[in-house]
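Biologist: Let us go through this model together. I will ask what stands behind each label.

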There are 2 protein chains.
Amino acid sequence: MRTIRVELGERSYPIHIGSGLLKNIGAYCQEAGFALRSPLLVVSDSTVAPLYLPQVEEALRSQGYQVVTHIFPAGEASKSLAVYEDVMTTAIQGGLDRHSAILALGGGVVGDLAGYVAATYMRGIGFMQIPTTILAHDSSVGGKVAVNHPLAKNMIGAFYQPAMVVYDLDTLLTLPPRQVSSGLAEAIKHGLITDEVFAYWCREHAEELLALDLEALGYALELGCSIKAKVVGNDERENGLRAVLNLGHTIGHAIEAVGGYGVFLHGEAIAIGMAGSALLAAKLGRDRAIYEETVSMLTALSLPIRLPEQYSEDDLMEAMKHDKKFKEGKMTFIIPEAIGSVSIVNDIDEQLVREVLAQLKKEDNPW
Amino acid sequence: MRTIRVELGERSYPIHIGSGLLKNIGAYCQEAGFALRSPLLVVSDSTVAPLYLPQVEEALRSQGYQVVTHIFPAGEASKSLAVYEDVMTTAIQGGLDRHSAILALGGGVVGDLAGYVAATYMRGIGFMQIPTTILAHDSSVGGKVAVNHPLAKNMIGAFYQPAMVVYDLDTLLTLPPRQVSSGLAEAIKHGLITDEVFAYWCREHAEELLALDLEALGYALELGCSIKAKVVGNDERENGLRAVLNLGHTIGHAIEAVGGYGVFLHGEAIAIGMAGSALLAAKLGRDRAIYEETVSMLTALSLPIRLPEQYSEDDLMEAMKHDKKFKEGKMTFIIPEAIGSVSIVNDIDEQLVREVLAQLKKEDNPW
Ligand SMILES: NC(=O)c1ccc[n+]([C@@H]2O[C@H](COP(=O)([O-])OP(=O)(O)OC[C@H]3O[C@@H](n4cnc5c(N)ncnc54)[C@H](O)[C@@H]3O)[C@@H](O)[C@H]2O)c1
Ligand SMILES: NC(=O)c1ccc[n+]([C@@H]2O[C@H](COP(=O)([O-])OP(=O)(O)OC[C@H]3O[C@@H](n4cnc5c(N)ncnc54)[C@H](O)[C@@H]3O)[C@@H](O)[C@H]2O)c1
Ligand SMILES: [Zn+2]
Ligand SMILES: [Zn+2]
């Protein structure tokens, strides 16, 4: 088992990564300090619950915990205020008190939603993440929890740190291939922003990663979590530095908003966004090789790099204006300076972004 | 003008109390550090907005701010997730960004709701309270923001401090008499828990207070805010000490929940609750004079001290079980030890509370 510590002063917490951890989840809850006398609420979705909830419930009960569960329909559409209210209702009816904790068993949707409930039920109770997707290595570090508003993604939320993250690699074996690639998009993003060696490692080991080799996955998740933890540790509330994590996200979020959540998976959308950022970098005078390398890495991981024709520039620009990266009338982008290094550029001209979007649609060569 | 500083480290903020402050609200927003380039959202209710919103908008615009407004129907029923979502929609459509701030113009309902939006819009933006009720002297200090769940009051929320509180006493002149008394219930509560002299001062000056003498009101609000600020400063996230502020609230919240929000005003409900706590104290062996004095103070402020017959003990007990003061199967009450001094008693027997509820219904003498 690998353990990473996210250093955030009194809100520091460990991430345990390894095989066969689910069966010890009761012991982890004890280690996290969750009271035995107060009910725990396990939140999961309709795909993950049949696969892993019985094990988790069993492990918690045998440790002496009372368990309440809430299962909602799988998919981004559930990351809504309506489901948030439903989970709140379950928590109240299940008798959760201030010493209770909420366990998020699932991917980023479960983590973000359950985390937002934990952050705001009785103004905040205990919280544990049990990620079951590769993408959730990203969402389980950093303390961002949220639901979507019909007009904009992740618009409603809080910063709220879990007491612990328990990452059982065995759960990843049931992930569909597109979800695997989508999750790896955030892993390679962590390489692209701060760690050239890791980014190239991902390309070299793309086959093992896509084949769910647990050794390779464990390493990629450890690196991905560590890099994110380091960035977040320096800027818990996203006042500056942490913005580098948004590489590919301004365009990516717009793609998700315009296409409708779920047409492209999150990682697929940000892959296109990362290709777009590299194009933007080239337009701003950075080396074209950054774009070529980025695209080859993404392609190796079976990720898309082209924007489909039907996404209109107008719609995408409009969506970006609702995005949090649009500050006081100017656009902010994370721009790659090299593989493994980025900078935050404010004041980016709207017209340049439009051009990039148009070029991203070109099938073979965007130049 | 009186200024109190709530000391909470980097989250410290000033409370300005005085006459004629609304017309300078633009300057206060500057002092609070709100960016001129990002729209401000003023949230108010259907009673307060016609009275004071025009002045506030005018003052903000003349300072150079863009202003978006959201007005919801007055009353506790609006402290809901549905209205929360509506305000979020206005904020997004109005183009609020991370440098924007939300101004709560109104009583505790506006403050709690708008504060919860500010705490969670884009994971937290600027927030200012402009209280227009006496009761809001309480809700504007302490950083508790929340909405109600149909099953329990204030169940969904956060701790979130305003950047500033601007308390214009002139706005209190339009308050209906019951609202005046209700607000004074929280003021005298602050005396009852920590300041004997202030509690007796309230009884002596009850007539001036009820007649909205601004000198007396200014003093009462200054003392009320200061006492609460001191308690909160020692326990920002309600880990222990701060619980003393809940004097009268366990029973009070149950009365509100059972009667339906709005039958009794919040201050009226907690007045009955404070009478109940004093009765409970007597049952636990404390001096009966505490009860007699408490009741005389509440009566002087035109507050109720009797529970109407139709409130069944079963319903009230059931409501308390959903309350946050019910921890791991035991009841916790704040018990007066003397006028101006309380203690936190866990492990209170359910049966004793039932007896108190029954006695609270006796018209003349509860003994
Ligand atoms: N909080 C953050 O910092 C942060 C960071 C990145 C992404 N996110 C959010 O995360 C979400 C995307 O995360 P995600 O891709 O994990 O989404 P997800 O939770 O919807 O999971 C994707 C799909 O895979 C299924 N699934 C999950 N685990 C499985 C397993 N082990 N086997 C089989 N199927 C499984 C789910 O049911 C779902 O259908 C988005 O809402 C995004 O905004 C948040
Ligand atoms: N956050 C906290 O720490 C805290 C503390 C105490 C109470 N509260 C909450 O505060 C709420 C009660 O506060 P409230 O009594 O101020 O309620 P409120 O905001 O509903 O105001 C009471 C009524 O007075 C009207 N009103 C407000 N200002 C007026 C004015 N100047 N002139 C004429 N009418 C006016 C309102 O429209 C409303 O109808 C409850 O929801 C309670 O839970 C919160
Ligand atoms: Zn992402
Ligand atoms: Zn109160």
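Biologist: What makes residues of chain A and chain B count as in contact, and how many are there?
Modeller: Contact means heavy atoms within 4.5 Å. By that rule 39 residues of chain A are in contact with 39 residues of chain B. This is a predicted model: local features need pLDDT of at least 70, side-chain atom pairs count only at pLDDT 80 or more, while totals for chains, interfaces and linings use all residues. Residues are numbered from 1 along each chain as its sequence is written, chains are lettered from A and ligands numbered from 1 in the order in which they are written, and side-chain values use heavy atoms, with hydrogens and water left out.

Biologist: What is called the area buried between chain A and chain B?
Modeller: The accessible area (1.4 Å probe) that the two parts lose on being put together, summed over both. Here that is about 3600 Å². Carbon and sulfur atoms give 56% of it.

Biologist: Which elements build the side of chain A that touches chain B?
Modeller: Those giving two or more residues are H3 (81-93), H4 (108-120), S7 (144-149), S8 (152-159) and S10 (326-327) of chain A. The names are DSSP runs, numbered from the N terminus: helices are H or I with at least four residues, strands are E with at least two. H3(A) has the largest share, seven residues.

Biologist: How do that side's residues divide?
Modeller: Into 18 nonpolar, nine polar and 12 charged. Nonpolar covers Ala, Val, Leu, Ile, Met, Phe, Trp, Tyr, Cys and Pro; charged covers Asp, Glu, Lys and Arg; the others, Gly among them, are polar.

Biologist: What makes a polar contact, and how many residue pairs across the interface of chain A and chain B have one?
Modeller: A pair of N or O atoms within 3.5 Å; within protein, one must be able to donate a hydrogen and the other to accept it, and residues adjacent in sequence count only if both atoms are side-chain atoms. The interface has 13 such residue pairs, both residues at pLDDT 80 or more.

Biologist: Which side chains of chain A meet that rule at ligand 1?
Modeller: Among them are A:Asp45, 2.8 Å from an oxygen atom of ligand 1, and A:Lys153, also at 2.8 Å from an oxygen atom. A:Lys228 lies at 3.4 Å, so it too falls within the cut-off. The protein buries 91% of the 860 Å² that ligand 1 exposes alone, by the Shrake-Rupley method with a 1.4 Å probe; for residues, only the protein chains shown count as cover.
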